[in-house]
Amino acid sequence: GAGMKSKAKQKTFINNMLTYAIVVVAYIVVQILMGTGHMSSLMKGLLVPFCIYVIMAVSLNLTVGILGELSLGHAGFMCVGAFAGALFSKCIIAVIIGAVVAAVFGILIGIPVLRLKGDYLAIVTLAFGEIIKNIINAVYLGRDGSGFHISLKDSMSLNMDADGEVLIKGAQGITGTPQAATFTIGVILVLITLFIVMNLV
């Protein structure tokens, strides 16, 4: 038994290393293409979303592929994280805050939901995704000298001082967030996600 186990462990380790290597090689290739001017601006714009979708796919694979549970609320959690991150994007800790908030929501919803199986889990997670979408489409948030103002009606009813700025405009989403994410950060996050997921497995 022990020999088999260590062989399996070795195989897993090699597979994991290969996965990391593929990501790193892809990163290097992209950097070379960018450096030599072989990358269109459209392609450059897709790099960060590409990293985000890789992270989503890896984490969704953990739930659906490995645990065999059908979660349809994945985008909802992503939305919570993205939203929290964008709100705090005036500072560098945006990425961390986004991840933590999404994780907290995941745990809060996970505790009751993990007692459910199969179809029920799918229904609840789908509902969560829809609820998040609808709430976020209805939220107006502004900030002025005296702090944050929230309204569920429109940006006029925020009653802010003259120096106030509207951060979230309902269905328009968050406006004027600095582009904090870069391809390098994206790739690092992909590697961290892979590391966490593979160790969980």
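How many salt bridges does the structure hold? I began with this count, keeping in mind that the model is predicted, and I found that the structure holds 1 salt bridge.

**Entry on the charged pair**

I looked up the partners and noted that K133 forms the salt bridge with E130, with the closest N and O atoms 3.5 Å apart. Side chains of opposite charge can pair when their charged atoms come close. I then checked where the two residues sit, and found both K133 and E130 in helix α5, 3 residues apart, which is about one turn of the helix.

**Entry on the aromatic rings**

I next turned to the rings, where I counted 3 aromatic pairs in the structure. I looked at one of them in detail, the pair formed by F105 and F128, which is tilted, with 6.5 Å from centre to centre and 40° between the planes. This pair links distant parts of the chain, since F105 lies in helix α4 (residues 94-113) and F128 in helix α5 (residues 118-138), 23 residues apart.

Which elements give two or more residues to the largest nonpolar core? I first recorded that this core has 14 residues, and that those with the most contacts inside it are V23, V30, C51, F183, V187, V190 and L194. The elements I was looking for are α1 (2-35), α2 (41-66) and α6 (183-200), and of these α6 gives the most to the core, with 6 residues. I then followed V23, and, leaving aside its neighbours within four places in sequence, I found it in contact with V187, V190, L191 and L194. Apart from this core I noted another, of 9 residues, which includes F77, F83, V113 and L121.

Terms used:
Residues are numbered from 1 along each chain as its sequence is written. This is a predicted model: local features need pLDDT of at least 70, side-chain atom pairs count only at pLDDT 80 or more; totals for chains, interfaces and linings use all residues. Side-chain values use heavy atoms; hydrogens and water are left out. Rings of Phe, Tyr and Trp (its six-membered ring) pair if their centres lie within 6.5 Å; planes under 30 degrees apart count as stacked, over 60 as edge-to-face and the rest as tilted. Helices (H or I, at least four residues) and strands (E, at least two) are DSSP runs, numbered from the N terminus. A nonpolar core is a set of buried Ala, Val, Leu, Ile, Met, Phe, Trp, Tyr and Cys residues joined through side-chain atoms within 4.5 Å. Buried means under 20% relative accessible area, exposed over 50%, partly exposed in between (1.4 Å probe, protein chains only). Contact means heavy atoms within 4.5 Å. A salt bridge is a side-chain nitrogen of Lys or Arg within 4 Å of a carboxyl oxygen of Asp or Glu.
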